[in-house]
Amino acid sequence: MSLAQGGPPPVGGRKANLDPIIRRIIEEFAYQEIGHLRAITESVGGVPRPRLNISAEAFAAFFNRAMNTTLSPPFNPYANSLNYLLASYVIPYVGLVGYVGTIPNLVGRTNRELAASLLGVESGQDAVIRTLLYLRANEKVKPYGVTVAGFTDRISEIRNRLGRCGMKDEGLKVPKQLGAENRTTSNILSADADSLSYSRTQPEILRIVYGTGDESRPGGFLPNGGAGRIAMRFLAT
């Protein structure tokens with residue numbers, strides 16, 4: 001596909017066992033991402049797609065680390081709709097807060113307008129995923145005996161640890177002192193004390209996506225590292 005700029009195909013992706021409603025939502029999001037890639041390529045130029053590892057094994061490894069145990073059976077994001085939504089919780093939010101951190105540093109109106117437009121849709125996608133998970137927050141994920149909210153807490157915690165950036169990530173439920181105006185325990189939209197979006201730097205994003213806590217040491221979902229200029233600069237070190 002031309003939008004891949006000659007990059008290698010992803011590893012391990014497969015058709016998920018989704019119910020009709022979740023399938024329709026994810027299908028829409030997927031087509032939106034094609035539009036995003038086209039807009040980026042046409043506006044500022046693209047980069048070759050890096051090697052992406054979206055295998056069940058890659059997600060299982062991440063969930064094991066997040067839960068600080070070896071889940072049995074291994075977590076499979078493609079098994080059902082709930083697992084797929086939990087897997088969708090892992091990466092997109094990291095990109096969203098990455099846009100927030102990047103926009104102020106962009107040079108040129110075209111770049112800023114493009115990033116702001118992308119952020120608008122990406123934040124909407126993330127809100128939908130978090131809402132769908134919140135509706136099932138107290139449901140235990142089979143066969144692990146941990147609630148959906150419990151899983152999101154642990155995923156957010158591991159992202160904070162890997163990012164080495166303090167708290168810029170929260171699960172679906174929080175103590176009141178962390179809720180909106182200290183009055184809510186729901187946390188459908190993760191935000192700071194002023195209900196403003198958290199932001200992440202490029203190194204923080206790479207540390208999380210690589211799963212290594214080190215922007216110069218690839219792994220995880222990007223086993224060979226990112227292909228953009230900033231990612232390549234870190235890899236060179």
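Trainee: Leaving aside its neighbours within four places in sequence, which residues is L86 in contact with, and what makes something a contact?

Mentor: L86 is in contact with F63, F75, L133, V141, V148, F151, T152 and I155 once the neighbours within four places are set aside, and each counts because contact means heavy atoms within 4.5 Å. This is a predicted model, in which local features need pLDDT of at least 70 and side-chain atom pairs count only at pLDDT 80 or more, while totals for chains, interfaces and linings use all residues. Residues are numbered from 1 along each chain as its sequence is written, and side-chain values use heavy atoms, with hydrogens and water left out.

Trainee: What makes a set of residues a nonpolar core, and which members of the largest one touch the most others?

Mentor: A core is a set of buried Ala, Val, Leu, Ile, Met, Phe, Trp, Tyr and Cys residues joined through side-chain atoms within 4.5 Å. The largest such core here has 43 residues, of which F62, F63, L86, L133 and F151 touch the most other members. Two or more residues come from each of α1 (20-44), α2, α3 (81-90), α5 (109-134), α6, α7 and α8, these helices being DSSP runs of H or I with at least four residues, numbered from the N terminus. Helix α2 gives the most to this core, with seven residues. Another core, of seven residues, lies apart from it and includes Y93, A115, L119 and Y198.

Trainee: How many aromatic pairs does a search of the whole structure find, and why is the pair of F62 and F221 called tilted?

Mentor: Seven aromatic pairs are found in the whole structure. In one of them, F62 and F221 lie 6.0 Å centre to centre with 40° between the planes; rings of Phe, Tyr and Trp (its six-membered ring) pair if their centres lie within 6.5 Å, and planes under 30 degrees apart count as stacked, over 60 as edge-to-face and the rest as tilted, so this pair is tilted. Because F62 lies in helix α2 (residues 56-67) and F221 in the loop between α7 (202-210) and α8 (229-235), the pair ties together parts that are 159 residues apart in sequence.

Trainee: How do you know whether F62 and F221 are buried or exposed?

Mentor: Buried means under 20% relative accessible area, exposed over 50% and partly exposed in between, for a 1.4 Å probe and protein chains only. F62, at 9%, counts as buried, and F221, at 7%, does too. F63 and F151 form another tilted pair, with ring centres 6.0 Å apart and planes at 50°. That pair links helix α2 with helix α6 (residues 148-163), 88 residues apart, and both F63 and F151 are buried. F59, F62, F63, F75, Y144, F151 and F221 form one aromatic cluster.

Trainee: What makes R130 a charge over the face of Y93?

Mentor: The rule asks for NZ of Lys or CZ of Arg within 6 Å of the ring centre and within 35 degrees of the ring normal. R130 lies over the face of Y93 at 5.9 Å from the ring centre, and R233 lies over the face of F234 at 5.4 Å.

Trainee: Where is P77 found, and why is it called buried?

Mentor: P77 is in the loop between α2 and α3, and its relative accessible area is 2%, so it is buried. Not counting residues up to four places away in sequence, P77 touches A56, F59, N83, Y84 and A87. P77 and R14 are 63 residues apart in sequence and 9.8 Å apart in space, C-alpha to C-alpha.
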